[in-house]
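Here are my notes on the model, with attention to one helix and to the charged pairs. Please read them beside the structure.

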Amino acid sequence: MPNQDLEQSVVIGGASGIGEAVVRELAGKGHRVIVGDIDRNKGEALAKEFSNVHYYNVDVTKPKTLQDLASTIEREYGNYVTHLVVTAGRSHPEATRLGKDNSQNVVFDNPDDVIRDTALLNLCGSELCVK
């Protein structure tokens with residue numbers, strides 16, 4: 001039976017950016033940290049740095065991957081989570097360039113599917129994680 005006295009944190013989007021900083025902070029404080037992220041290379045590299053960090057490939061726009069992660073956590077680490085942090089999100093890679101008229105309003109240059117996918121991740125991702 002897993003040690004339920006241990007702080008057990010799940011960080012979705014934890015392989016880079018703010019999520020990575022959260023993982024490092026929690027791992028340094030002794031938490032078992034379960035990282036869910038779409039970036040396998042960064043997630044696995046981060047998990048190799050800490051004995052108490054475990055990486056799982058997750059895409060928050062695909063609820064099945066979140067359900068699989070929840071099942072894995074229950075099976076491998078016990079049916080409890082003391083902290084859930086969701087930092088998954090992005091802007092479209094093209095958002096760093098100027099728009100057609102040198103404006104910053106590049107959202108108007110993005111194809112509809114890019115806008116839809118980015119909105120799904122940024123607006124619905126957290127709710128799907130909590131569910």
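1. A residue is called buried under 20% relative accessible area, exposed over 50%, and partly exposed in between. By that scale arginine 24, at 32% relative accessibility, is partly exposed. The model is predicted.

2. Helix α1 covers residues 17-28, and its twelve residues should span 16 Å at 1.5 Å a residue. The end C-alpha atoms are 17 Å apart, which agrees.

3. Gly19, Val23, Leu26 and Ala27 are the buried residues of α1. Their arc around the axis is only 100°, so they lie on the same side of the helix. Gly17, Ile18 and Gly28, on the other side of α1, are exposed. The cover over the buried residues includes β1 (8-12), β2 (32-37), α2 (40-49) and β3 (53-57). Just after α1, glycine 30 has a positive phi of about 95°.

4. Six salt bridges are counted. In one of them, arginine 24 pairs with glutamate 49, with the closest N and O atoms 2.8 Å apart. Arginine 24 is in helix α1 and glutamate 49 in helix α2, so this pair ties together parts 25 residues apart in sequence. Glutamate 49 is partly exposed, at 47% relative accessibility. A network of salt bridges links Glu20, Arg24 and Glu49.

5. Lysine 64 forms a salt bridge with aspartate 68, and their closest N and O atoms are 2.7 Å apart. Because the two are four residues apart in helix α3 (residues 63-77), about one helical turn separates them. Lysine 64 is exposed, at 52%, whereas aspartate 68 is partly exposed, at 36%.

Definitions and conventions: Residues numbered from 1 in each chain as written. Predicted model: local features only at pLDDT ≥ 70, side-chain atom pairs only at ≥ 80, totals over all residues. Heavy atoms only, no water. Expected span 1.5 Å × (residues − 1). Buried < 20%, exposed > 50% of the residue type's maximum accessible area, 1.4 Å probe, protein only. Arc of directions from axis to C-beta. Contact = heavy atoms within 4.5 Å. Salt bridge = Lys/Arg side-chain N within 4 Å of Asp/Glu carboxyl O.
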